[in-house]
Amino acid sequence: QVHVVESGGGLVQPGGSLRLSCVASGTITAIYDMRWYQQAPGKERELVATIRNDGSTKYVDSVKGRFTISRDGAKNTAFLQMNSLKAEDTGVYYCNVEVGTNLVRFLEVWGQGTLVTVSL
């Protein structure tokens with residue numbers, strides 16, 4: 001069984017910064033893509049950033065130059081450094097991880113989310 005847990009959310013003023021973490025644990029034999037999604041209030045979940053196992057990254061246009069996704073392969077962890085935060089960045093941030101296990105070659109696992117609120 002594989003679990004994904006996010007942390008690092010909170011309340012921050014506009015222009016501030018937060019660093020989200022996502023840790024995958026369990027009987028993992030491989031990790032492929034790791035992604036961060038945002039679900040803003042009243043909206044659908046949207047892909048924000050992806051990091052592949054070769055280290056290449058991709059971002060939605062609205063966060064380019066402000067957010068940075070990274071990973072620590074040895075610790076099965078992904079990070080999302082969020083700078084110059086805006087009110088529209090408010091929402092629940094979910095981590096999605098593609099893993100291989102000793103039983104399944106490919107599995108997508110979601111975390112429970114961490115809330116980010118950008119407000120005065």
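Visitor: Which conventions apply to the model?
Guide: Residues are numbered from 1 along each chain as its sequence is written, and side-chain values use heavy atoms, with hydrogens and water left out. The model is predicted: totals for chains, interfaces and linings use all residues, side-chain atom pairs count only at pLDDT 80 or more, and local features need pLDDT of at least 70.

Visitor: How many helices and strands does the chain have?
Guide: Helices (H or I, at least four residues) and strands (E, at least two) are DSSP runs, numbered from the N terminus. Along the sequence the pattern reads β-β-β-β-β-β-β-β-β-β-β. The count is zero helices and eleven strands.

Visitor: What is the radius of gyration of the chain?
Guide: The radius is taken over C-alpha atoms, and the globule rule is 2.2 Å times the number of residues to the power 0.38. For 120 residues the rule gives 14 Å, and the chain is close to this, so it is as compact as a globular protein of that length; its radius of gyration is 14 Å.

Visitor: What share of the 120 residues counts as buried?
Guide: Buried means under 20% relative accessible area, exposed over 50%, and partly exposed in between (1.4 Å probe, protein chains only). By this criterion the buried share of the chain is 42%.
The accessible surface, from the Shrake-Rupley method with a 1.4 Å probe, belongs to carbon and sulfur atoms for 50% of about 6,500 Å². The buried share asked for is 42%.

Visitor: Among contacts between residues at least 6 apart in sequence, what percentage joins residues at least 24 apart?
Guide: A contact requires heavy atoms within 4.5 Å. For the chain, the percentage is 55%.

Visitor: Which residues form the disulfide?
Guide: A disulfide is a pair of cysteine sulfur atoms within 2.5 Å, and a search of the whole structure finds one. The sulfur atoms are 2.0 Å apart, and the residues are Cys-22 and Cys-95.

Visitor: Which strands hold Cys-22 and Cys-95?
Guide: Both cysteines are buried, Cys-22 with a relative accessible area of 0% and Cys-95 with 0%. The pair links distant parts of the chain, 73 residues apart, with Cys-22 in strand S3 (residues 18-26) and Cys-95 in strand S9 (residues 91-101).

Visitor: Is Ser-21 buried or exposed?
Guide: Ser-21 has its place in strand S3. Beyond its neighbours within four places in sequence, Ser-21 contacts Val-5, Glu-6, Ser-7, Trp-36, Ala-78 and Phe-79. With a relative accessible area of 17%, Ser-21 is buried.

Visitor: With which residues is Ala-30 in contact, leaving aside its neighbours within four places in sequence?
Guide: Ala-30 belongs to strand S4 (residues 28-39) and is partly exposed, with a relative accessible area of 21%. Its contacts are Glu-98, Val-99 and Gly-100.

Visitor: What is the phi of Asn-76?
Guide: Asn-76 occupies the loop between strand S7 (67-72) and strand S8 (77-82), where it is partly exposed at 22% relative accessible area. Its phi is positive, in a residue other than glycine, and is near 50°.
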